[in-house]
Amino acid sequence: MTRRWFGGSRRGALMTGHGIRVAACDVERTVGGRTVLRGVSLVAEAGEVSAIAGGSGSGKTTLLDTLAGIRPPSAGEVRHDGGRPDARGLGYVPQDDILHRALPLAHSLRYAAALRVPAGEGPADAVDRTLAALGLTERAGQRVGTLSGGERKRAGIAVELLTRPRVLFLDEPTSGLDPAAAAELMALLQALARAGTTVVLTTHAPADLARCDRVAFLAPDGRPAYVGDPRAMCAHFGVATDADVYAAVASRGASVDAGREPELQLEPELGALEPELEQSAGVGGPDPAAGSRAAEARPAPAKPAAVRRPGPARAAGRADHPLRQWSILARRDLELITRDRLTAAMLIGSPLVIVAMFAMLFRPGAFDPLAPSPSGAAMILFWIAFGGFFFGLTYGLLQICVELPIVRRERLTVLRIGPYLAAKFTVLLPILVLADVLLLAVLRGMNRLPAASWSVYGSLLVTLLLASAAALALGLLTSAAVTEVGQATLMLPLLCFPQVLFSGAFVPVPRMPAIGHTLSYAMTNRWAFEALGSDLDLSGRWAHSRSPLGPPLLASYGDSFDHSPLLGWAVLAGCAALFVAATCAVLARRCPRAGR
């Protein structure tokens with residue numbers, strides 16, 4: 001594949017691949033029963049910057065996703081160099097940041113490069129070269145969250161340039177930037193295009209249009225109001241400035257006449273658009289200058305290389321190999337925890353605070369046969385079970401929603417959901433083990449739990465760990481399902497209250513009405529509570545006690561503590577597996593692979 005160099009005296013050199021020709025023919029897109037795009041036909045040539053413009057709600061991002069192959073069109077076709085859209089060679093920069101803000105810029109880029117670049121192809125070299133090319137070398141050690149808006153936009157582009165994409169799609173890259181930073185970013189995109197990369201972006205800023213080679217302006221109903229050279233756009237609408245075009249299109253709506261293109265068809269054998277599609281719609285005829293510029297900028301297509309399938313010995317070196325992805329993602333998650341002081345404080349501090357509160361809440365000797373406190377013993381076991389649940393839930397609740405834009409972008413090309421979730425468990429479960437061990441050790445050391453054999457306490461720990469793992473899986477599921485951090489925070493009490501009310505501790509399960517009894521089966525805290533009670537033989541511990549409250553109180557629990565802890569373990573493990581499977585399904589729906 002031929003390569004060109006992008007760069008100059010101020011920026012380092014960057015190798016980019018020759019661009020591809022992106023063509024859409026009569027594209028329509030329906031979302032939720034509403035037609036968002038209608039009859040859109042356009043071409044984005046290599047060596048050019050093509051813009052998709054229009055007012056809010058006109059379908060700009062939807063069209064960008066359709067051109068990129070992220071979402072298939074409901075009707076019509078999209079072709080990349082005459083073939084179907086392919087995630088390989090594709091770069092996509094969404095509006096949201098696609099780098100972790102807590103990490104230094106170079107570290108975040110290295111993790112991205114390690115995920116996308118096969119082992120042995122120098123990910124570190126790709127990062128250094130890209131930082132130099134985008135003028136970010138001096139910011140390499142700075143946390144992404146402390147970069148300016150323009151620098152973060154360039155950093156997002158840097159992520160995509162690591163793999164030398166042939167086509168770069170950007171969703172409103174200048175949004176939120178001041179005019180100077182926006183102009184600098186557009187100059188960068190123009191330089192990338194001149195180096196060979198096809199650049200397609202959405203924008204609502206009139207100033208961006210003058211720096212583009214082509215523009216597709218969408219009407220409010222998703223129809224193309226204009227497709228062609230931006231320099232001729234004002235004349236077409238009879239207005240003075242590009243800003244006036246927005247008002248003209250908004251006022252005329254669907255009645256805007258974009259000019260009818262010649263009949264366009266995709267050749268079935270060649271998979272290429274008819275030559276007429278190169279003519280711009282809405283300008284009143286073809287633009288020879290634009291065609292000439294595209295022809296000069298577009299290098300000759302490279303001869304496809306033979307595909308070589310990796311053998312078993314090379315499989316682990318593939319960028320998409322599950323074990324390799326798991327290793328990279330686990331290291332990244334661990335560094336994120338250690339770099340983010342607030343997260344680290346929460347993970348370490350919350351168990352300490354809860355254990356301290358438990359020690360202050362319960363008096364010693366609740367399990368003493370000479371001075372029994374059956375109600376106190378039951379409450380101790382319940383709150384131990386709830387502590388394991390709370391640890392796991394809070395650890396998982398903010399794990400995915402804070403990085404969903406990053407996951408969505410990485411899923412387009414290489415990221416597998418299985419290794420992604422496995423990395424979360426790999427990093428968080430050891431911390432949960434320490435929290436659960438601490439909880440049991442402190443309560444036993446302060447005589448809040450009875451003396452028992454190592455096997456009994458081993459069984460208690462297994463119960464607590466399974467309860468924490470199931471809650472962690474539930475937290476990850478919730479984090480994957482919500483759309484923002486605030487929603488995840490609101491879900492915390494909504495998930496905790498049912499676990500408290502229907503666990504059977506305050507109102508024994510046999511004393512619940514039928515609907516409550518049924519709901520209790522879905523509460524992981526019930527099964528953890530009952531398994532802990534079975535381990536410590538709560539139902540038989542005071543069977544012959546002379547305490548007037550002992551036998552009657554325990555009798556109200558019925559056979560809750562009579563079954564083996566293995567039943568509770570099986571239910572908790574099954575719930576954890578169910579929540580993990582549901583999380584995979586939610587992520588697969590919310591973060592689809594390109595072309596699906």
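Modeller: Here is a short chat about this predicted model.

Colleague: What ground rules should I keep in mind?
Modeller: Residues are numbered from 1 along each chain as its sequence is written. The model is predicted, so local features need pLDDT of at least 70, side-chain atom pairs count only at pLDDT 80 or more, totals for chains, interfaces and linings use all residues, and side-chain values use heavy atoms, with hydrogens and water left out.

Colleague: What does the protein chain average for pLDDT?
Modeller: The average is 83, and 82% of the residues score at least 70. pLDDT is the predictor's confidence in each residue, from 0 to 100.

Colleague: And where does pLDDT stay under 50?
Modeller: Residues 1–15 are one such stretch, with 51 contacts beyond four places in sequence in the model. Residues 254–316 also have pLDDT below 50, and that stretch has 98 contacts beyond near neighbours in sequence. Contact means heavy atoms within 4.5 Å.

Colleague: Switching topic: which residues does the UniProt annotation "transmembrane region" cover?
Modeller: The unreviewed UniProt entry gives 342–362, 377–398, 419–442, 454–477, 489–509 and 566–588. UniProt positions are in the numbering used here, feature names are shortened, and annotations may be inferred rather than shown by experiment.

Colleague: How much helix is in residues 342–362?
Modeller: That span is 95% helix and 0% strand, with its end C-alpha atoms 30 Å apart. Residues 566–588 are 100% helix and 0% strand, and there the end C-alpha atoms lie 33 Å apart. Helices (H or I, at least four residues) and strands (E, at least two) are DSSP runs, numbered from the N terminus.

Colleague: What span should helix α21 have?
Modeller: Helix α21 runs over residues 565–590, so at 1.5 Å a residue its 26 residues should span 38 Å, and the end C-alpha atoms are 37 Å apart, which agrees. The expected span is 1.5 Å times one less than the number of residues.

Colleague: Which residues of α21 are buried?
Modeller: Among them are Gly568, Leu572, Cys575, Phe579 and Arg590. The buried residues of α21 pack against α13 (404–411), α14 (417–445), α15 (454–481) and α18 (524–535). Buried means under 20% relative accessible area, exposed over 50%, and partly exposed in between (1.4 Å probe, protein chains only).

Colleague: Is Ser468 buried or exposed?
Modeller: Ser468 counts as buried because its relative accessibility is 0%. Ser468 lies in helix α15 and touches Gly388, Gly392, Leu432 and Asp436, leaving aside residues up to four places away in sequence.

Colleague: How many disulfides does the structure hold?
Modeller: The structure holds 0 disulfides, a disulfide being a pair of cysteine sulfur atoms within 2.5 Å. Cys401 is buried at 8% relative accessibility, and Cys496 is buried with a relative accessible area of 8%.

Colleague: Back to backbone angles: what is phi for Asp81?
Modeller: Phi of Asp81 is near 50°, a positive value in a residue other than glycine. Asp81 sits in the loop between β6 and β7 and is partly exposed at 40% relative accessibility. Asn447 is not a glycine either, and has a positive phi of about 60°. Asn447 lies in the loop between α14 and α15, and is partly exposed at 38% relative accessibility.

Colleague: Last one: where is Ala87 found?
Modeller: Ala87 is in the loop between β6 (75–80) and β7 (90–93), and counts as buried at 17% relative accessibility. The C-alpha atoms of Ala87 and Thr413 are separated by 5.4 Å, although the two residues are 326 residues apart along the chain.
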